[in-house]
Amino acid sequence: MSATTAVRPVRGPHRAGGAGARRRATSTLQRVAVPIVAVIAWEIAARAGDSPFFPPPTDIAVAFWETWLGGPASQLFLSDVAVQNILPSLARMLGGWAVAVVVGVSLGCALGRSATAMDYAGPLLAFARAIPPPALVPVFLVLFELGTPMQLATIIFGVVWPVLLNSADGARSVHPVQVQTAQVFRIPRRQWVFGVVLPAALPKIFAGMRVSLSLALILMVISELVGATNGIGLQLALAQRRFDFDTMWAAVVLLGALGHLFNSVLLAVERRVLAWQPGGTRKGGS
Amino acid sequence: MLRRVVRGVIGFAGFLLVWELFSRSGVVREEFLPPPTTVFARLAVLLTEPPFVADVVATVLAWLIAVVIASAIAVPLGLLLGSVPSVAAASRALVEFLRPIPSVALIPLVIVLLGVGPETKITLAVYASLWPLLFNTIYAMSEIDPVQVDTARAFGLSRSRILWTVQLPHAAPFVMTGVRISASIALILVISTELLAGGSGGLGQVIFDAGAGGGRMDIVLSATLVAGVIGFLGNAALEKVQRRWLGWDDQIDAGR
Amino acid sequence: MTEPAGTMLAVSRLQHRFGSGPDAPTAIGDVSFEVRAGELVCIVGPSGCGKSTLLRTVAGLLSPTGGEVVLHGERVTGVSEDLAVVFQDYSRSLYPWLSVAGNVEFPLRTRLGKAERRARVAEALGMVGLGGQGGKRPWQLSGGMQQRVSIARALAYRPALMLMDEPFASLDAQTRADLEDLLLRVRAEHRTTILLVTHDIDESVYLSDRVLVLSKSPATVLKTLDVDLPVERDQVVTRGSAEFVRLRTEVAKLVHS
């Protein structure tokens, strides 16, 4: 179960206090400096190696500008290609993810609170999760036809498991005394679900949502590589056919930046929502 | 315990029954979603055909090799980087920078670079599964409770003894979790590459060939089931290793 | 069955076994007792004798294997609307995602209007000496303060019967004495009926009108002792009185027999 849950840094008690601020400043510096040094090293290595497959970052930056940027201010400086491809990609990815989260959380919480239901569904879920989602792309392709429905189906099927299994795990972790407290005060069903089970499961749910989000990006790319009429994945495939490595790398960079952006936003939301946790946000899973 | 097994089997049977009825109901064309009876009959035939078995072996081999290579690189590197605090912070920043790059986006690039042979899928799977493993290992080594190390030091243990008796046992559960995450990612990458590259054999290729033009969905689903069984068994085996040798981790986690 | 006037809780021939079959362990052998309205009764017994099981059965969290529990004339099946429980494990019993006031308010949410809820929460927090602390998180408070929040939550609920399961067992001696006196004060002001389980012999004598001594598992009532100490109690004076010493010696003998 925990295989779906990535470990995230915990700030232990020994990290707090006066030395913390200086430490944080150093780590921010490192966070900025290390990638810059890495990019410079890559530039030098690429110029020296002169391989068409690994263009220097400056060439990639130029290709990035030409492909995705340089549009008018009314389009937020995005090029037409960007508007016509990034937006549909993101809509599919985020739409599929949102559906998977809603389904996964409701189903997972229900399963987590019923040992009997878990007995029946557990092995089936463990197997379903083990199926590599791209393997089902051809099935969804014939069932839903080329394009958005197929891509949505692939994304939803692929990313629902981490959320579902983590939600079940979280809902199961409601402590017996917490359960008894709710029973003693005869807390009505609705209030029990939304006031106790959901908050108790939330740290695990967030851990699952983060894994799912990065998986959604991966599946969005795969489904677009296989069959799409637009999208970042299609642009990547087109660049491959032209052997245009600069543009391929520009697409890779764009996808990496988007992945980083979504992860950061979700983390920020998580910190806010889980601010009630003793000692700040804790490790969500593993 | 027996009741749980029986219930699990009933759950499976129930799912297959619903699938069977749905496929035969005519809501979708039966060729598009063949019922489980057809799929399992096809699977039984396929498993006796040497070419199919060879494809299964090709996928499993590529997967195993990728996981072994990724572990051989990431675990020692992670232990090394993680045990020096300043290096750990810097390398974590680098890992954080490189990790979001979706490995699947590199598939087209590596295909052009390396062709469609097994080295392509292994390279991609190694690259993709490197990150969670590296990240978990660095994290485990650098976030160890200083009290544990100080306790060992107070008892006069040498640096290497501390490494073997305190730091590695502390890191082991995190590393194992990293291996499990990596293994599932590696399988996705191997099958995705086979699916997109063609010509390299393996289950992904079987799925691609049979699925082209909406053809033989019974074969597609058979191969998908086999892929699921491979992933399931791999995870179950690693979980068993984790329980058996690192069973104490649950108590440690509970005390946190 | 007819109730004598003023009986709040009547427990008769209560039994509880875990599981079924001839080998199933018996936690409660055969227990009968009564609690009158406004009384504070302590149940004391050796550790592991089934005190907590007894309390959970009275609360309706466990269903008895035999016998019955009658709360102000009505036979209890499941959890009754008219009781509240203060658990030993305050850190689990309080929900960490709610503020102190949120925890006290939680059981009232679907039962009362907003204005009345606020008034009750403020009143209950004031009673336990936590006025103005409502905005904090439970885990920002000390153990003793957290248990006060638990007590406030039970008081705000205004139950006919308040059950307390080893409420002070996890606290240090000083805090424990403070909370014992707080409980006596609150009870004197509101005439709350309280059934409290403890393994602490001194505490049982100090707090009660009556002490019920249970035997080793499977639990039966060894003896019921009336505590004839003045209503006003004091940690130093009361605990030093001859009657207190006599009672605690008698309870100790029974518990260790």
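**Chain C against chain A**

Mentor: Begin with charge pairs: the rule finds one salt bridge across the interface of chain C and chain A, a salt bridge being a side-chain nitrogen of Lys or Arg within 4 Å of a carboxyl oxygen of Asp or Glu. A:Arg186 and C:Glu81 form this salt bridge, with the closest N and O atoms 2.9 Å apart. This is a predicted model, in which local features need pLDDT of at least 70 and side-chain atom pairs count only at pLDDT 80 or more, while totals for chains, interfaces and linings use all residues. Residues are numbered from 1 along each chain as its sequence is written, chains are lettered from A and ligands numbered from 1 in the order in which they are written, and side-chain values use heavy atoms, with hydrogens and water left out.

Trainee: Which elements of chain C give two or more residues to the side that touches chain A?

Mentor: Elements are DSSP runs numbered from the N terminus: helices are H or I with at least four residues, strands are E with at least two. Here they are strand 6 (83–86), helix 2 (90–93) and helix 5 (143–156) of chain C. Strand 6 of chain C gives the most, with three residues.

Trainee: How many residues of that side of chain C are nonpolar, polar and charged?

Mentor: Ala, Val, Leu, Ile, Met, Phe, Trp, Tyr, Cys and Pro count as nonpolar, Asp, Glu, Lys and Arg as charged, and the others, Gly among them, as polar. The side of chain C that touches chain A has 14 nonpolar, three polar and eight charged residues.

Trainee: What is the area buried between chain C and chain A?

Mentor: Buried area is the accessible area (1.4 Å probe) that two parts lose on being put together, summed over both. For chain C and chain A the value is about 2,200 Å², with 65% from carbon and sulfur atoms.

**Chain B against chain A**

Trainee: What is the area buried between chain B and chain A?

Mentor: About 5,300 Å² is buried there, and carbon and sulfur atoms give 76% of that area. In chain B, the residues that lose the most area to chain A are B:Arg7, B:Leu109 and B:Val112, together 11% of what that side buries.

Trainee: How many residues does each chain bring to the contact?

Mentor: Contact means heavy atoms within 4.5 Å. Chain B brings 61 residues and chain A 59 residues.

Trainee: How many salt bridges does the rule find across this interface?

Mentor: The rule finds two between chain B and chain A. One of them joins the side chains of A:Asp119 and B:Arg7, at 3.2 Å from N to O.
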